[in-house]
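This report describes selected structural features of a single protein model. The sequence and structure are shown first, and the analysis follows.

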Amino acid sequence: MAEKDSQNPDIFGQALLDFYNEKYTEDITVLSSLTEDDEIPVPYLFRSYEEMPLVEQKALEFAQGNTLDIGACAGSHSLYLQDKGIDVLALDISEGAIEVCKNRGVKKTVVSDVLDYDENGYDTLLLMMNGTGIFQTLKNTEGYLTHLRSLLKPGGQILVDSSDIAFMYEEEDGSYWRDASRDYYGEVTFKIQYKKQTSPAFDWLYLDYKTLKTEATKAGFTCEKICDGPHYDFLARLIKTTS
């Protein structure tokens, strides 16, 4: 469950609540171990289907049956699926995010870390906005996928997007540098800031498709790429094997 103390503020939740309550004055700042500071525009977290990138639109097309929207944020994906008649539950570790989901009309919600969530029988698990990020590190990936597998019915699917960030390590001469302190080049450490509050540092994982497929196979899935996005991103579909 999301903490509310000063050591671990619910920054995303507060930003979402401010926007929903018409108190929007600034965006979320992202501090990265890999690149320059960036911003997440809070209005974008409330985007419509038409405003979503291709990989998200495709994922929503493939979602079916009893669906768990993991890291639901402001509930944009859940609302779209709900309007299509799909039985969807929005899950997020942020209490503020889930409050916004409820206020926007998402009917089924839960505040939880996905590793603490054990309701099973899902047809679809949805992990969007670089869904592999929640795995944190490559070493953790098989364990996360094994847990997610336990939430699915036989033949159930995970729809997950990610990006191959190898291009960020390319030098002018075409060579690539490597961070020797990391096991895998897609491991990044972030902090986020909003209204003078800063989160603790947390790990976030970007996976290339080949590595994702290898980890998925080890965890008992078949894996296929559904589509590529315009900037090294892609959508993958992992299907739970029966063996």
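Where is the place of Cys-73? Cys-73 is found in the loop between strand 3 and helix 3.

## Basis of the report

The model is predicted: local features need pLDDT of at least 70 and side-chain atom pairs count only at pLDDT 80 or more, while totals for chains, interfaces and linings use all residues. Residues are numbered from 1 along each chain as its sequence is written, and side-chain values use heavy atoms, with hydrogens and water left out.

Helices (H or I, at least four residues) and strands (E, at least two) are DSSP runs numbered from the N terminus. Buried denotes under 20% relative accessible area, exposed over 50%, and partly exposed the range in between (1.4 Å probe, protein chains only).

Cys-73 has a positive phi of about 55° although it is not a glycine. This residue counts as buried because its relative accessibility is 11%. Ala-74 lies in the loop between strand 3 and helix 3 (76–83) as well, and it is classed as buried because its relative accessibility is 1%. From Ala-74 to Phe-12 the C-alpha distance is 9.3 Å, although the two are 62 residues apart in sequence.

Met-129 also has a positive phi, near 60°, and is a residue other than glycine. Most residues other than glycine have a negative phi. Met-129 is placed in the loop between strand 6 and helix 5. With a relative accessible area of 33%, Met-129 is partly exposed.

## Nonpolar core

A nonpolar core is a set of buried Ala, Val, Leu, Ile, Met, Phe, Trp, Tyr and Cys residues joined through side-chain atoms within 4.5 Å. The largest one here has 30 residues, and those with the most contacts inside it are Leu-68, Leu-125, Leu-145, Leu-148, Ile-158 and Leu-238. Two or more residues come from each of several elements: strand 3 (67–70), strand 4 (88–92), strand 6 (122–127), helix 5 (138–150), strand 7 (152–163), helix 6 (209–218), strand 11 (221–228) and strand 12 (233–240). Helix 5 gives the largest share of this core, four residues. In soluble globular proteins, nonpolar side chains tend to be buried together.

Thr-124 is part of strand 6 and is buried, with a relative accessibility of 0%.

Ala-59 belongs to helix 2 (residues 54–62) and is buried, its relative accessible area being 0%.

## Salt bridges

The structure holds eight salt bridges, each defined as a side-chain nitrogen of Lys or Arg within 4 Å of a carboxyl oxygen of Asp or Glu. One of them joins Lys-195 and Asp-18 at 2.9 Å, N to O. This pair links distant parts of the chain, 177 residues apart: Lys-195 is in the loop between strand 8 (187–194) and strand 9 (197–198), and Asp-18 is in helix 1 (residues 11–20). Lys-195 is partly exposed at 34%, whereas Asp-18 is buried at 7%.

Asp-123 and Lys-153 form another salt bridge, their closest N and O atoms being 3.4 Å apart. The pair connects strand 6, which holds Asp-123, with strand 7, which holds Lys-153, across 30 residues. Asp-123 is partly exposed at 23%, and Lys-153 is partly exposed at 36%. Within helix 6, Lys-218 and Glu-215 lie three residues apart, about one turn of the helix, and their side chains meet in a salt bridge of 3.1 Å, N to O. Lys-218 is partly exposed at 48%, while Glu-215 is buried at 7%.

## Negative surface patch

Glu-26, Glu-36, Asp-37, Asp-38 and Glu-39 form a negative surface patch. Such patches consist of residues with over 30% relative accessible area and no salt bridge, with like charges joined within 9 Å. Asp-38 lies in strand 2 (residues 38–40).

How values were computed
Patch = residues over 30% accessible without salt bridge, like charges linked within 9 Å, V, L, I, M, F, W, Y side chains within 5 Å. Areas by Shrake-Rupley, 256 points an atom, 1.4 Å probe, with all protein chains shown as cover. Lys, Arg positive; Asp, Glu negative; His and termini not counted. Charge placed at Lys NZ, Arg CZ, Asp CG, Glu CD.
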